[in-house]
Amino acid sequence: MKILAVVGKGGVGKTTMTYLIAQDIINRGFHPLLIDADPTMSHLMRLLGIKTENTIENIRQGVIRIATMGDKSEKINLAQNIDEVVSDCIIKSVDYSLMVIGQPQSAGCFCPSNTLLRNVIENISDEYEYVIIDCEAGMEQIHRSVVRSIDFLLIISDSSLRSLETAVKIKKAAKKYTKFKDYGVIVNRLRQTHKKAILEMLKKKDLNLIGTIREVSEITNLELEGKSLSDLPTSSDCISDLSQIVDKIIKLMNNS
Amino acid sequence: MNELDEIRTIIEESKLKYKNYQVWDLASTENFNLEQAVSELPFNIGKGVWKGILLNDDVKLNLGGKHALTSANVLCINSSDVIHNFRISLIGPDVLEISKKTVDFAMMVLIGGKKIEKSVLNKLKRTIYLSNEIDGLSLRSISRKFWYQISNILYDKQVSFKHIGIAFIALYLQEFEDIIESIEVVFIIDDEDAILKLIDLEPKIKKIYSEAFKDKIWKYAKQRDDCDFDWECAVCDYQSICNEIRNIIKLRENKITKLKDKNEDISGCR
């Protein structure tokens, strides 16, 4: 099982990248587990055209309720069946499985509930060759409630200075909060005229570039028309750029 | 300007802007008796009166929220003279006058006492966040954010911020009667500027506590995966629930170990 976490400043195209990477991995014949771990937006769920109320957060609320008010038999029952309950919350399609974390909410602060669910998620993830996590900006929340360690941290940035500065901060925070074996930065929506300057900036900021994605109008057009990204033509420059990057990531993950 | 002066300035500015404010000086009420005031509250207070969990449909009013401002702080001063004992101030509308489901909210508990020592600061700070001792008032939290919730039932009992203020004063005095010489509660409702200023002041106030508990906080931060509270588990009212969940974790691990011992595929527990 290899875990890839996709992070980056808001609006840089994290979820779009997650979706396209997942698509590429599916095209390679794998059935990935996608984890929508952005607690506020859940864009991945929307991109996939899925609506669900079955989130890990709802299970967490249930765990807290049983711990607070349940009797002994309910607690034993929960311990016996929690893996199954979480597994049932996963939406399984032919090509992929999707787990939605949801907006964390609780009365008080119960760290062990996250530990319990994280153990279960790690256990379930073992069934998949690839797990792709669409995160919020940083890794703190992922470490808390999703997985403790990841194989590849993929930081998405655009060409803006702010976004690259965020990438530096994310890398620093990720080192503090989680274990990752390798990392790389994708510069999304890159205009060729900016390429040289961006590459210099990445070098200056000591960020590993894993690839760049050219700015393409097809994605913007699809988004404007409210169409699914699955309508993106396979001949798109964006897809060929990304496929090369996925090659590299898979190699790095398998070598690590 | 010290923290108390800054808070007083924010309060005065908010009062001037709002003009809609109320001050209840309980101590100046003839024959004021806290026990009597508590017995007249439209809700119960004390350990175990409230489980602290409200479903969305049961919530009448969010004081602060996911997309609203919340600030709650306890400021302890080693002098009782500068705190208006038993004063509750409300700037902004009272509970029943609020028509929205969620409002920006700030609460300050100001405590004075010469005997306040570093060792009790942690406990004093905790009490403002743990509202499972007020029947119908819940505390919700998400990562780096928290807010209070008033249940439908509590709202229907015509609750006011005066009642909530009395409840907090009584809860503080129940536990810290020996060291609190004066206590004052301030609520600011729906004044974004004032609440933002109080939020800006929080790191300065937090520093007072973290300086006192630097070593302990560091020790606990290392032990805990996820806790927004920076006090030690030993003084946390939610500790029993955390322990229950830890027991559930152990039960699950035992089950996995047994399955492994039997050489069964542990996917059986999935």
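Me: How do I check the length of helix H1 of chain A, residues 14-27?

Reply: Start with the rule: the expected span of a helix is 1.5 Å times one less than its number of residues. Helices here are DSSP runs of H or I with at least four residues, strands are runs of E with at least two, and both are numbered from the N terminus. H1(A) has 14 residues, so it should span 20 Å, and its end C-alpha atoms are 20 Å apart, which agrees. Keep in mind that this is a predicted model, where local features need pLDDT of at least 70, side-chain atom pairs count only at pLDDT 80 or more, and totals for chains, interfaces and linings use all residues. Residues are numbered from 1 along each chain as its sequence is written, chains are lettered from A and ligands numbered from 1 in the order in which they are written, and side-chain values use heavy atoms, with hydrogens and water left out.

Me: Is H1(A) mostly covered or uncovered?

Reply: Buried means under 20% relative accessible area, exposed over 50%, and partly exposed in between (1.4 Å probe, protein chains only). In H1(A), 12 of the 14 residues are buried, so the helix is mostly covered. Among them are Met17(A), Leu20(A) and Asp24(A). After H1(A) comes Gly29(A), with a positive phi near 95°.

Me: Which residues does Thr15(A) contact, beyond its neighbours within four places in sequence?

Reply: Contact means heavy atoms within 4.5 Å. Thr15(A) sits in helix H1 of chain A. Its contacts beyond those neighbours are His43(A), Leu44(A), Leu47(A) and Asp134(A). Thr15(A) has 10% relative accessibility, so it counts as buried.

Me: How do helix H3 and helix H4 of chain A pack?

Reply: Two packed helices are described by the angle between their axes and the distance between the axes. Axes are lines fitted to C-alpha atoms, for helices over the stretch in contact, and angles run from 0 to 180 degrees between N-to-C directions. H3(A), residues 56-69, and H4(A), residues 72-89, pack at about 175°, with axes 11 Å apart. They are therefore roughly antiparallel (an angle over 145 degrees). H3(A) contributes Ile59(A) and Val63(A), among others, while residues from H4(A) include Leu78(A) and Ile82(A). The contact residues divide into 10 nonpolar, no polar and two charged.

Me: Is Asp88(A) buried or exposed?

Reply: Asp88(A) lies in H4 of chain A. At 58% relative accessibility, it counts as exposed. Asp88(A) and Asn54(A) are 34 residues apart in sequence, and 8.8 Å apart C-alpha to C-alpha.

Me: What does the secondary structure of chain A come to?

Reply: It comes to 10 helices and nine strands. Of the 256 residues in chain A, 57% are buried.

Conventions: Parallel < 35°, antiparallel > 145°, perpendicular 65-115°, else oblique. Nonpolar A, V, L, I, M, F, W, Y, C, P; charged D, E, K, R; others polar.
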